[in-house]
Amino acid sequence: MALLLPSSVLLVLVFLTAELTFSTGSNTCVARNFGHDSVVCECNSTYCDSVGSVILPPLGRYSSYLTSMAGNRLEAGRGQVQVNSSGAELRLTIVPYQKYQKIKGFGGAMTDAAAVNILSLSAGAQDQLLQQYFSPEGIGYSVVRVPMASCDFSTRLYTYADTPGDYNLDNFTLAPEDIKMKIPLLQRAQALSPRPLSLLASAWSAPAWMKTNGALIGKGSLKGQPGGKEHKTWAQYYIRFLEEYAKYNLTFWALTTGNEPSAGQITNYSFQALGFTPEEQRDWVALDLGPALQASSHPRTHVLILDDNRLLLPHWAKVVLNDIHAGRYIHGVAVHWYMDSLVPAEISLGVTHHLYPEYYLFATEACSGWSPLDRGVKLGSWDRAEQYAHDIIEDLNHYVVGWTDWNLALDQTGGPNWVKNFVDSPVIVDAQRDVFYKQPNFYSMAHFSKFLWEGSQRVGVTASRETDLEYSAFIRPDGSVVLIILNRSSSMIHFEVWHPAVGYISSTSPAHSLLTLAWNTH
């Protein structure tokens, strides 16, 4: 049969001078332009472009995957590894003996809003959407952050224990949002995933009656002191949450000590928050949360501190982790991406890693469209895809072991959100037409989540000269190598990769593109 190649595929042929290979799955994006600098890929109940499962060619060949502003979406190619250098001015050399952190995983958040949007589609379109994220043919998400009760991306304000004075949590109960929406979707996601999902729990606020301000929103913290009854009850609330979800066969890899503790220290903060200073967080973990977890039926659940912006590092980590009583219960430090441009990664993430190498760094929240200057949904924004890829590469190159996007899906306004704090998401749902759009930043996530399996270890890469390219390299558990390259410049850049044990790969990074190269070593 005659195969009509879209122009983007022809571009790839020109760029890669390698024959085209289609993996399982159909990789033709149904492109739609909404007037921004690139396109979205439209999916419905019967069709969605997908990479399929990726099988690398034998030793001596390599696979490439290209996404670009020009319209390529994980466009697959293959080529021959060469014995000799092509003489390219720019050479990226893989240094396998320089070993850094091992990857945990990538994913997004099952907020109330995400669940509402996924369930607003027909059963067939819901399945397509979940498969895109979680199935082997999809992009390999392995981490799902689950808010404990409501956050701004909910349609109402609630916690699981809203009965005043209920210190024994006798009336603790999951919400309809959990039982009817989030839990069934998490079970479906788990059923699609080839390996157990790493679930991550974060609470936004304690019940109002336990707080100094008597409200879920605004400036307020727990009443009393760490070790006191409110602090003890708040620790037990976490245990009860884990126990209730376990009844649905959903067990959590980790929990955070609470979403954005700095927000609860801001007067008139507009949505759910619970303030902690680093000193209060340290003492609450040491006296209440840590011992409660150890004594519970979930003692192996990891505890991640901070769950806030990296500008609070390394100070926050120093206060909490220098304390032996708190540190013994803690596994990692969770960071959000907001205001990353104000704080160099080296003086925040880098310094924290070098001071406390035994604790891992994990990115727990990011979204586009949060800033007042660039608000809400932008269908087809390439600029936002580059922001994601840049931040992920920068984080990976500074010891971060995983990166979690915010809402898995939102509607075209960037909601629902009860305080109208509308933002963007990699998947935007149009329930009226029973379709969803995969944004450019869905593919940004895919260049990492699809290829960097759990246990992949970052290794050294050196460039022969200054370059606009941003890159990070990994050796996967099976010995194969993955190199991810971002070009935010408006020029095409020729380069070669030298892996001393394997040979030379001659390649091109088109203007405004993201490229994943992968090859076997034996």
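I started with helix α10 (residues 382–396) and helix α11 (residues 440–449), whose axes come within 7 Å and cross at roughly 25°. The model is predicted, so local features need pLDDT of at least 70 and side-chain atom pairs count only at pLDDT 80 or more, while totals for chains, interfaces and linings use all residues. Residues are numbered from 1 along each chain as its sequence is written, and side-chain values use heavy atoms, with hydrogens and water left out.

Helices (H or I, at least four residues) and strands (E, at least two) are DSSP runs, numbered from the N terminus. Axes are lines fitted to C-alpha atoms, for helices over the stretch in contact, and angles run from 0 to 180 degrees between N-to-C directions.

**Entry: α10 and α11**

I checked the orientation: α10 and α11 are roughly parallel to each other (angles under 35 degrees count as roughly parallel, over 145 as roughly antiparallel, 65 to 115 as roughly perpendicular and the rest as oblique). From α10 I got W382, R384, A385, Y388, A389, I392, I393 and L396, and from α11 P440, N441, S444, M445 and F448. Sorted by class, that contact has 10 nonpolar, two polar and one charged residues. For the classes, Ala, Val, Leu, Ile, Met, Phe, Trp, Tyr, Cys and Pro count as nonpolar, Asp, Glu, Lys and Arg as charged, and the others, Gly among them, as polar.

**Entry: α3 and α4**

Next I looked up helix α3 (residues 123–134) and helix α4 (residues 176–192), which pack at an angle of about 55° with their axes 9 Å apart. That makes α3 oblique to α4. I logged this crossing as right-handed. On the α3 side the contact uses A123, Q126, D127, L130, Q131 and F134, and on the α4 side L185, R188, A189 and L192. The class count for α3 with α4 is six nonpolar, two polar and two charged residues.

**Entry: cores**

Which residues touch the most other members of the largest nonpolar core? I found Y160, W234 and F241, in a core of 133 residues. A nonpolar core here is a set of buried Ala, Val, Leu, Ile, Met, Phe, Trp, Tyr and Cys residues joined through side-chain atoms within 4.5 Å; buried means under 20% relative accessible area, exposed over 50%, partly exposed in between (1.4 Å probe, protein chains only). Helix α5 (residues 229–246) gives the most to this core, with eight residues.

I listed the contacts of Y160, leaving out residues up to four places away in sequence; among them are P147, M148, F172, L174, D178, K182, Y237 and F241. There is also a second, separate core of 21 residues, including V459, L469, I505 and W519.

Most residues other than glycine have a negative phi, and most peptide bonds are trans. I went looking for exceptions. The L313 to P314 peptide bond is cis, with omega near 0°, and P314 sits in the loop between β10 (302–309) and α7 (315–321). G415 and P416 are also joined by a cis peptide bond, with omega about 5°; I placed P416 in the loop between β14 (410–411) and β15 (427–430).

For positive phi I have E260, near 40°, in the loop between β9 (252–256) and α6 (278–295). Is E260 buried or exposed? E260 is buried, with a relative accessible area of 11%. M339 has a positive phi near 65° and belongs to the loop between β11 (332–336) and α9 (345–355). I have M339 down as partly exposed, at 33% relative accessible area.

E496 lies in strand β20 (residues 493–499) and is buried at 1% relative accessibility. I noted 8.5 Å between the C-alpha atoms of E496 and T93, which are 403 residues apart along the chain. Skipping residues up to four places away in sequence, E496 touches residues including S85, R91, L92, Y504 and I505.

A511 is in the loop between β21 (503–509) and β22 (513–519) and is partly exposed, with a relative accessible area of 27%. A511 and S135 are 376 residues apart in sequence, and their C-alpha atoms are 31 Å apart.

Technical notes: Contact means heavy atoms within 4.5 Å. A crossing is left-handed if the near helix is turned anticlockwise from the far one by less than a right angle, and right-handed if clockwise.
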